[in-house]
Amino acid sequence: MITIAIANQKGGVGKTTTAINIATAMAASGWKTLLIDLDPQGNASTGLGIDNAAREYTTYDLLVGDATLAQAAQKTEIPGLDIVPATQDLSGAEVELVSVEDRTHRLQKALAAQQTGFAGYDVAFIDCPPSLGLLTLNALGAADTLMVPLQCEFFALEGLSQLLQTVERVQQRFNPDLGIVGIALTMFDRRNKLTDQVADDVRDCLGNLVFENVIPRNVRLSEAPSHGMPALIYDHNCPGSRAYIGLARELIGRLPEKRKAA
């Protein structure tokens, strides 16, 4: 299983929208896909139509050891896509795990425990909270690589710099194999000159690390979560959906050859 954390400590950059739609696109491409909702707000769970009452086991249970991955993962309406949902209980995990010796490796151990003899997944995406706290550190510790949604605005560049510094520290202390699969430019508005300027600056700085496909500002992307479905299902032909399909193709091209479950 290839594990990809989707993280940016700045909120409102399209992180959860990216997690939902890229996971859907991967599942539609034939990859058996898991989405791990590691944000206490549970927006990824809501965006895939998982009611609060249906979230029997959550990422909180996974982190504190009350459930295995096989117990916590549940099917969505999207064929080939499962989710480990989240509730507000997850916000208490950061406090409860402070005194635990392996507190930054709880998610890694929960995922590793299922790798042997488990009819698992080809790829798992982790939707991280908009912070660099213990939950995000767990995600970065468990991930093979990192995908960063970046809103095309000035302050986003400062947040990216801080995130890259955090990745370097995680590599040094927790996960030396952590890489960055790419930077995804989101909320791209061609009518705004600043958008092009920020995109050019990011590409000049990070080169091929930045995905060619950009995610435009699109009202259908905003509407879809209120209907409990990804934009790719809500409106398959809208510009936002087409952009995520292109981004998924590009992502697949950057990943190792598809790994089949044992």
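Colleague: Which element gives the largest share of the lining of the largest pocket?

Modeller: The model is predicted. Helix H1 supplies the largest share of that lining, with four residues. H1, helix H2 (43–47) and helix H10 (219–223) each contribute at least two residues.

Colleague: What is the volume of the largest pocket, and which residues are closest to its centre?

Modeller: The volume of the largest pocket is about 450 Å³. Its lining has 23 residues, and those closest to the centre are Gly14, Lys15, Thr16, Thr17 and Met187.

Colleague: How is the lining of the largest pocket divided by class?

Modeller: Eleven lining residues are polar, nine are nonpolar and three are charged.

Colleague: Why is Met187 called partly exposed?

Modeller: The relative accessibility of Met187 is 22%. Buried means under 20% and exposed means over 50%, so Met187 counts as partly exposed.

Colleague: What is the volume of the second largest pocket, and what lines it?

Modeller: The second largest pocket has a volume of about 220 Å³. Twelve residues line it, and Thr3, Gln108, Ala142, Ala143 and Asp144 are the closest to its centre. Helix H6 (106–112) and helix H7 (134–142) are the elements that give two or more residues to this lining. H6 gives the most, with three residues. By class, the lining of the second largest pocket has five nonpolar, five polar and two charged residues.

Colleague: How many cavities does the search of the whole structure find, and what is the volume of the largest?

Modeller: The search finds one cavity of 30 Å³ or more. The largest cavity has a volume of about 40 Å³. What makes a space a cavity is that a 1.4 Å probe fits but cannot get out, whereas a pocket is open.

Colleague: Which residues line the largest cavity, and of what class are they?

Modeller: The lining consists of Thr17, Ile20, Asn21, Leu221, Ala224, Pro225, Met229, Pro230 and Ala231. Seven of the lining residues are nonpolar, two are polar and none is charged. Helix H1 (residues 15–28) accounts for the largest share, three residues.

Colleague: What makes Asp102 and Arg106 a salt bridge?

Modeller: The closest N and O atoms of Asp102 and Arg106 are 3.6 Å apart. The cut-off is 4 Å, so the pair qualifies as a salt bridge. Lys109 also forms a salt bridge with Asp102, at 2.9 Å from N to O. The whole structure has seven salt bridges.

Colleague: How far apart in the helix are Glu223 and Arg220?

Modeller: Glu223 and Arg220 are three residues apart in helix H10, which means that about one helical turn separates them. Their side chains meet in a salt bridge of 2.8 Å, N to O. Glu223 is partly exposed at 27% relative accessibility, and Arg220 is partly exposed with a relative accessible area of 27%.

Colleague: Why is Phe155 called exposed?

Modeller: The relative accessible area of Phe155 is 53%. Exposed means over 50%, so Phe155 is classed as exposed. Phe155 lies in helix H8 (residues 154–173). With Phe154 and Leu194, Phe155 makes a nonpolar surface patch of about 320 Å².

How values were computed: Residues are numbered from 1 along each chain as its sequence is written. This is a predicted model: local features need pLDDT of at least 70, side-chain atom pairs count only at pLDDT 80 or more; totals for chains, interfaces and linings use all residues. Side-chain values use heavy atoms; hydrogens and water are left out. On a 1 Å grid over the protein atoms alone, a cavity is a set of points where a 1.4 Å probe fits but cannot get out, and a pocket is an open set with protein on both sides within 12 Å along at least five of seven lines; lining residues have an atom within 4 Å of a point. Grid points are joined across faces, edges and corners, and a volume is the space filled by probe spheres set on the points. Ala, Val, Leu, Ile, Met, Phe, Trp, Tyr, Cys and Pro count as nonpolar, Asp, Glu, Lys and Arg as charged, and the others, Gly among them, as polar. Patches are made of residues with over 30% relative accessible area and no salt bridge: like charges are joined within 9 Å, nonpolar side chains (Val, Leu, Ile, Met, Phe, Trp, Tyr) within 5 Å. Accessible areas come from the Shrake-Rupley method with a 1.4 Å probe; for residues, only the protein chains shown count as cover. Buried means under 20% relative accessible area, exposed over 50%, partly exposed in between (1.4 Å probe, protein chains only).
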